[in-house]
Amino acid sequence: MGGAAPIVAQGLNHYFGLGEARKQAIWDLNLTIKRGTLTILMGPSGSGKTTVLTLMGCLRDVQEGRVDLLGHPLRGATEAELVQLRRRLGFIFQAHNLHESLTAAQNVLMGLQVHGAGDAVKQRHAAAHMLGLLGLADRMDYLPANLSGGQKQRVAVARALVSNPEVIFADEPTAALDKESGRVVVDMLKTLGQTRGTTTVMVTHDNRIMDLADRIITLEEGRVVKDTNP
Ligand SMILES: Nc1ncnc2c1ncn2[C@@H]1O[C@H](COP(=O)(O)OP(=O)(O)OP(=O)(O)O)[C@@H](O)[C@H]1O
Ligand SMILES: [Mg+2]
């Protein structure tokens, strides 16, 4: 399966603030991300990594230039179209936003239920399977309060992946993880790329996983200054 690139950005500019305070955060970004690849975005704090990730992930309005995600131009898309599109995406952010009143397994189930009702038994099985892959088989029924930071992070990863998204956006998904579990997570993203054509764009400073990337893009002051595989 080839097809159009899942993510294309052209002449993308982005600004924060209004009037005198208006500041340009992203300058003329042009990127084409190939299907099934694992791309790492790196760069100093404030260089625009999260801004780029959220623009590509339709979590932020495109102001100037163009982003096409899974063949859909994001600029000018209706909210209904964006909702449809977001269902095909997985998000892993550092503030993992687990529901504190739900167990690990119930939190992962939430990742399926935004997609509508389905076979409950199948869903439970999928959630348990994903938690098992992430080494949390014995933590299914724990509440977040009783999990470590790294375990919570892995629950958030399971929640993002359980629905089999076409594109995954991750912002420092391994920051709270030790070397071993960080690699488990990124290896999983890499394998999903190879087996299902899942495309991942991930922000990280984590030197321990750089070797897994197909492509490393470095941003500085809102511009691409290095790209290992343009
Ligand atoms: N909501 C906002 N309002 C105003 N300025 C913002 C906002 N969000 C980001 N910025 C500015 O845009 C620039 C890029 O921010 P961004 O969050 O994308 O950086 P980053 O590379 O993700 O940094 P970090 O590694 O610290 O997470 C920074 O100068 C930041 O101050
Ligand atoms: Mg950031």
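How are α5 and α6 oriented to each other, roughly parallel or roughly antiparallel? Here are a few notes on this predicted model, starting with that pair.

1. Helix α5 spans residues 149–161, and its axis comes within 11 Å of that of α6, with a crossing angle of roughly 10°. Angles under 35 degrees count as roughly parallel, so α5 and α6 are roughly parallel to each other. On the α5 side the contact is made by R154, V157 and L161, and on the α6 side by S181, V185, M188, L189 and L192. By type, the residues of this contact are 6 nonpolar, 1 polar and 1 charged.

2. Now for another helix pair. The axes of α3 (residues 104–113) and α4 (residues 120–133) cross at roughly 120° and come within 9 Å, which makes α3 oblique to α4. This crossing is right-handed. From α3, the residues A104, A105, V108, L109, L112 and Q113 meet Q123, R124, A126, A127 and L131 of α4. The contact of α3 with α4 divides into 8 nonpolar residues, 2 polar and 1 charged.

3. You will find T198 in the loop between α6 (179–196) and β8 (199–203). T198 counts as buried because its relative accessibility is 2%. Leaving aside residues up to four places away in sequence, T198 touches G36, T37, P165, E166, I168, L192 and G193. L192 is also one of the α6 residues in the contact with α5.

Key
Residues numbered from 1 in each chain as written. Chains lettered and ligands numbered in written order. Predicted model: local features only at pLDDT ≥ 70, side-chain atom pairs only at ≥ 80, totals over all residues. Heavy atoms only, no water. Axes fitted to C-alpha atoms, helices over the stretch in contact; angles between N-to-C directions. Helix = DSSP H or I, 4+ residues; strand = E, 2+ residues; numbered from the N terminus. Parallel < 35°, antiparallel > 145°, perpendicular 65-115°, else oblique. Left-handed = near helix turned anticlockwise from the far one by under 90°. Contact = heavy atoms within 4.5 Å. Nonpolar A, V, L, I, M, F, W, Y, C, P; charged D, E, K, R; others polar. Buried < 20%, exposed > 50% of the residue type's maximum accessible area, 1.4 Å probe, protein only.
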